[in-house]
Amino acid sequence: MSVASPIWEMFLQKIDSATLLEHASLIYVRVVPKDLLPALTFLAKDDAFQMDYLKYMTVIDWEDHFELVYHLYSYRTNLECCVSVEIARENPIVASCHHIWPAANWHEREMYDLFGVTFSNHPNLQRLLLPVDWVGHPLRKDFVEQDHFNGVSTTRNNVVKLPSAREFES
Amino acid sequence: MNFETQYINDRQMELNMGPQHPSTHGVLRFIVTTDGELIEKVVPDVGYLHRSIEKIGEKVSYHGFMPYTDRVDYVSAMTANHAYARSIEKMANIEVPKRGHYLRMLADELCRLASHLIAIGTYPMDIGAVTPFVHALREREKINDLLEELCGARLTYNYMRIGGVSFDIPQQFVSKTKVFLQEFAIFLDELDRMLSENTIFIQRVANLAAITTKDAIAYGLVGPNLRATGLHYDLRKDQPYACYNELDFEVPVGKGEQGILGDCYDRFIVRVEEMKQSAKMIRQIIDNLPEGPIIGKAPKTIREKDTSSYASVESSRGELGFFVVANGTANAHRVKIRSGSFAAISMLEKIAQGVFIADLVAIIASLDLVAPEIDR
């Protein structure tokens with residue numbers, strides 16, 4: 001299935017701000033933030049697409065902005081695509097899509113935990129993998145780990161002293 | 001974050017199960033709200049095995065990340081190797097020779113057997129029958145011996161490389177595998193009599209926590225858990241990778257033989273049937289092993305610009321995929337791991353409502369959760 005096929009033209013007519021790209025035999029649909037939820041809903045509910053399976057969603061930190069990626073697949077029509085949207089890096093807020101795919105619930109919690117992206121209308125937006133009192137979002141490129149966590153140092157000196165070359169030979 | 005038992009009112013109680021609990025297959029915690037013996041609500045608390053493998057992927061070179069992929073899912077580490085190697089090969093257009101593909105499939109299928117043996121061995125142990133576990137582990141030990149001969153390690157193999165595999169099969173590996181397959185066929189018969197047709201086991205797990213295909217897809221369930229709901233979908237068949245299109249095998253799906261379609265028994269029997277198919281595949285692979293090189297030409301330093309790729313394989317726990325984004329340097333810009341257990345545990349809250357506490361353990365075991373794959 002390539003970008004030029006009729007059903008993708010139909011998609012472009014519906015969501016006119018979207019652009020289509022093809023990378024390593026995968027179609028990328030780029031949308032603007034205000035069209036994100038309509039585009040996802042259209043892909044999930046339209047009879048020609050029926051994208052019922054959210055493989056994963058993730059964030060890419062491009063230092064000046066975030067890129068949010070939704071990887072979708074349909075068991076019925078065998079179509080596959082990635083929907084991506086650019087969002088601001090400061091105070092990022094995106095609409096939650098857990099009502100379209102319940103799988104998004106945990107993925108969004110993970111993104112909130114590791115990148116600090118806030119999803120509006122999420123039923124339970126809490127840290128998923130890290131402790132609730134952790135400071136910062138570690139998958140951001142500018143993340144600096146805190147020195148101590150609950151009184152325990154997060155760094156450790158290497159106790160193994162490697163022999164110098166001369167000691168090693170003798 | 002309270003690990004003490006809470007008395008909510010004179011009827012309800014909030015219990016803490018885990019993180020160190022023998023039935024959670026790793027370090028997993030469940031906050032269970034109970035009403036007597038019944039579960040009203042269960043909230044999984046994950047992250048105890050979080051090592052931020054995705055961040056490590058940004059810090060090391062493409063080749064250097066390969067040993068870390070073993071640790072994503074240490075029960076079937078070869079398939080994680082395979083998924084990552086495929087993703088990079090797709091991105092950098094690296095060809096894998098045919099013998100390399102065959103050795104990869106051989107390692108994958110042996111690993112699938114080893115992983116499913118853990119799954120179906122620990123399942124009855126979690127609900128009170130210890131004997132099958134010992135039998136399953138005996139067979140798994142033989143597979144570990146074979147894999148040790150193949151790559152030198154017993155648990156974290158690091159066998160595959162970008163472009164192929166690291167070692168060719170040693171002498172007598174083929175004959176030893178054939179001996180193993182003969183013994184394994186006897187074990188499978190034994191297993192049917194011991195477990196699959198065991199009335200006590202069937203009554204314990206049939207009709208329990210049935211999942212419909214619609215729910216399974218909506219929650220992103222993959223692999224044997226998805227096929228147990230009756231959906232015929234297997235990446236090896238539907239989007240063939242390596243040389244799976246040259247093998248003759250079937251995709252077992254749940255039939256609801258002993259109860260409702262998609263119940264705990266279906267998830268168990270699908271894995272048993274899958275082991276039979278894997279044994280069949282291993283026989284075909286070692287009979288038709290092509291000659292030639294085992295690894296293709298891959299650059300020492302891979303540098304790709306403005307591209308990304310996603311590739312997945314059918315791991316023992318379903319689709320395991322790596323989404324890799326390149327930025328022109330020798331390291332990846334972002335590595336995202338899509339794992340089957342993550343989807344399975346996110347569904348637990350929905351399916352484990354109104355069951356007995358003892359059944360919760362059976363449900364966790366039937367989903368074949370592996371904690372490091374959830375936390376990554």
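Nine residues of helix 13 of chain B are buried: B:D359, B:L360, B:V361, B:A362, B:I363, B:I364, B:A365, B:S366 and B:L367. Buried means under 20% relative accessible area, exposed over 50%, and partly exposed in between, with a 1.4 Å probe and protein chains only. Helices (H or I, at least four residues) and strands (E, at least two) are DSSP runs, numbered from the N terminus. This is a predicted model, in which local features need pLDDT of at least 70, side-chain atom pairs count only at pLDDT 80 or more, and totals for chains, interfaces and linings use all residues; side-chain values use heavy atoms, with hydrogens and water left out. Residues are numbered from 1 along each chain as its sequence is written, while chains are lettered from A and ligands numbered from 1 in the order in which they are written.

**Chain B overall**

- The secondary structure of chain B amounts to 14 helices and nine strands.
- Its C-alpha trace spans about 70 × 50 × 35 Å along the principal axes.
- Chain B has a radius of gyration of 21 Å, which agrees with the value near 21 Å for a compact globule of 376 residues. The radius is taken over C-alpha atoms, and the globule rule is 2.2 Å times the number of residues to the power 0.38.
- Of the 376 residues in chain B, 61% are buried.
- Contacts in chain B with a separation of 6 or more come 71% from residues 24 or more positions apart. Contact means heavy atoms within 4.5 Å.

**Helix 13 of chain B**

- Helix 13 covers residues 357-367, and nine of its eleven residues are buried.
- B:D368 follows the helix and has a positive phi, near 55°.

**Strands 8 and 9 of chain B**

- Strand 8 (residues 318-326) runs antiparallel to strand 9, and six bridges join them. Two strands pair if DSSP finds at least two bridges between them.
- The two strands form a hairpin with five residues between them. In the turn, B:G328 has a positive phi of about 95°.
- B:F323 has B:K336 of strand 9 as its bridge partner.
- Strand 9 (residues 332-338) is mostly covered, with seven of its seven residues buried.

**The four-stranded sheet of chain B**

- Four strands form an open sheet in the order 1-2-3-4, with antiparallel pairing.
- Strand 1 (6-7) and strand 4 (38-45) stand at the edges with a single partner strand each, so one side of each has no neighbour in the sheet.
- Seven bridges link strand 3 (residues 29-35) to strand 4.
- B:F30 stands opposite B:P44 of strand 4.

**Two buried residues**

- B:V205 sits in helix 7 (residues 199-205) of chain B. Its relative accessibility is 0%, so B:V205 counts as buried.
- Beyond neighbours within four places in sequence, B:V205 contacts B:Y123, B:I127, B:C264 and B:Y265.
- A:F49 lies in the loop between helix 2 (36-45) and strand 3 (53-61) of chain A. A:F49 also counts as buried, at 0% relative accessibility.
- The C-alpha atoms of A:F49 and A:S74 are 7.1 Å apart, with the residues 25 apart along the chain.
- Leaving aside neighbours within four places in sequence, the contacts of A:F49 include A:I7, A:W8, A:F42 and A:S74.
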